[in-house]
Amino acid sequence: MSATARKSAPMPQDIIARKGGTPLVSLTAYTTPMAQLMDGICDFVLVGDSVGMVLHGLPSTLGVTMEMMILHGQAVRRGLTTTMMVIDMPFGSYEESPQQAFANAARLMAETDAGAVKLEGGTEMAPTIKFLTSRGIPVMAHIGLTPQSINTLGGYKVQGRGAAGDQLIEDAQAVTDAGAFAVVLEKVPETLANTVTDAVAIPTIGIGASAGCDGQILVVDDMLGLFTAFKAKFVKRYAHLGDDAKAAIQAYADEVHARSFPGAEHVFADEAPRKATK
Ligand code: KIV
């Protein structure tokens with residue numbers, strides 16, 4: 001990757017500078033062609049561990065490995081020139097100790113050329129975030145519904161309702177104090193998301209949160225209608241590419257059965273007419 005290409009993509013400081021300004025636009029990406037479509041439109045692209053569910057058919061994000069993240073991170077990086085790439089730390093790669101987190105975050109950054117890592121957790125992960133950020137690794141935090149913890153959260157429920165809201169505000173403050181440059185707020189009540197956005201000095205990135213956040217993120221396959229196994233309330237479908245793809249596959253099968261594909265325009269003439277053989 002050339003230094004010139006890298007220079008034009010936003011850095012964590014540029015993301016922080018957007019606090020309270022024009023909302024930040026982001027989507028997940030897992031492949032080069034999709035990253036190319038987002039390049040220059042999104043402010044940052046997240047190589048999310050949602051790749052496990054969206055592209056690999058896993059039941060949750062828990063089975064995602066470092067190797068999967070690196071492979072998809074490298075593919076996405078090849079599609080970006082002016083958009084920053086953030087990469088998720090997969091379950092089990094950072095929770096044990098700050099040292100474990102550093103080794104794996106450094107590997108993700110070195111092998112994918114990501115601009116930052118994202119990890120899930122609030123107050124309990126603050127010491128790890130501080131360890132990483134003080135050693136040259138920009139960190140985006142992720143609080144509220146943290147999908148890697150569904151087994152302790154009891155499923156994909158709205159987080160921070162009622163008295164639990166105070167904990168979410170504490171989490172947001174803790175990750176900010178630890179040096180995170182932005183924080184994802186997933187599936188939290190709208191008013192709480194607004195309170196957190198007002199309370200912290202770093203941009204909040206909402207998913208199932210509030211239009212008042214400093215930015216928004218969606219899983220790309222959700223918003224394009226490519227992932228249809230289920231649809232969360234917070235997903236808006238901007239296209240129905242899954243339906244279009246299915247119709248195209250059916251049309252192809254019908255034409256193959258009818259021998260109307262390939263047509264004359266898809267086949268090749270021989271150089272000279274073939275002599276008839278006896
Ligand atoms: O993995 C992912 O796609 C995410 C976003 C939903 C924020 O973490």
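**Exercise 1. Work out how α6 and α7 are oriented to each other.**

Step 1: find the helices. Helix α6 covers residues 98-112 and helix α7 covers residues 126-133; helices here are DSSP runs of H or I with at least four residues, strands are runs of E with at least two, and both are numbered from the N terminus. A word on the model: it is predicted, so local features need pLDDT of at least 70 and side-chain atom pairs count only at pLDDT 80 or more, while totals for chains, interfaces and linings use all residues. Residues are numbered from 1 along each chain as its sequence is written, and side-chain values use heavy atoms, with hydrogens and water left out.

Step 2: get the angle. The two helices pack at about 45°, with axes 9 Å apart. Axes are lines fitted to C-alpha atoms, for helices over the stretch in contact, and angles run from 0 to 180 degrees between N-to-C directions.

Step 3: classify. Under 35 degrees counts as roughly parallel, over 145 as roughly antiparallel, 65 to 115 as roughly perpendicular, and the rest as oblique. So α6 and α7 are oblique to each other.

Step 4: look at the contact (heavy atoms within 4.5 Å). From α6 come P98, Q99, A101, F102 and A105, and from α7 come T128, F131 and L132.

**Exercise 2. Which residues of α7 are buried, and what do they pack against?**

Step 1: pick them out. A126, T128, I129, F131 and L132 are the buried ones, where buried means under 20% relative accessible area, exposed over 50% and partly exposed in between (1.4 Å probe, protein chains only).

Step 2: check the neighbours. These buried residues pack against α6, β4 (116-120), β5 (139-144) and α9.

**Exercise 3. Find the strand partners of β1.**

Step 1: β1 (residues 24-28) has 4 of its 5 residues buried.

Step 2: β1 pairs in the parallel sense with β8 (residues 215-218) over 4 bridges; two strands pair if DSSP finds at least two bridges between them. L24 has G215 of β8 as its bridge partner.

Step 3: β2 (residues 44-47) also runs parallel to β1, joined by 3 bridges. Here T28 sits opposite L46.
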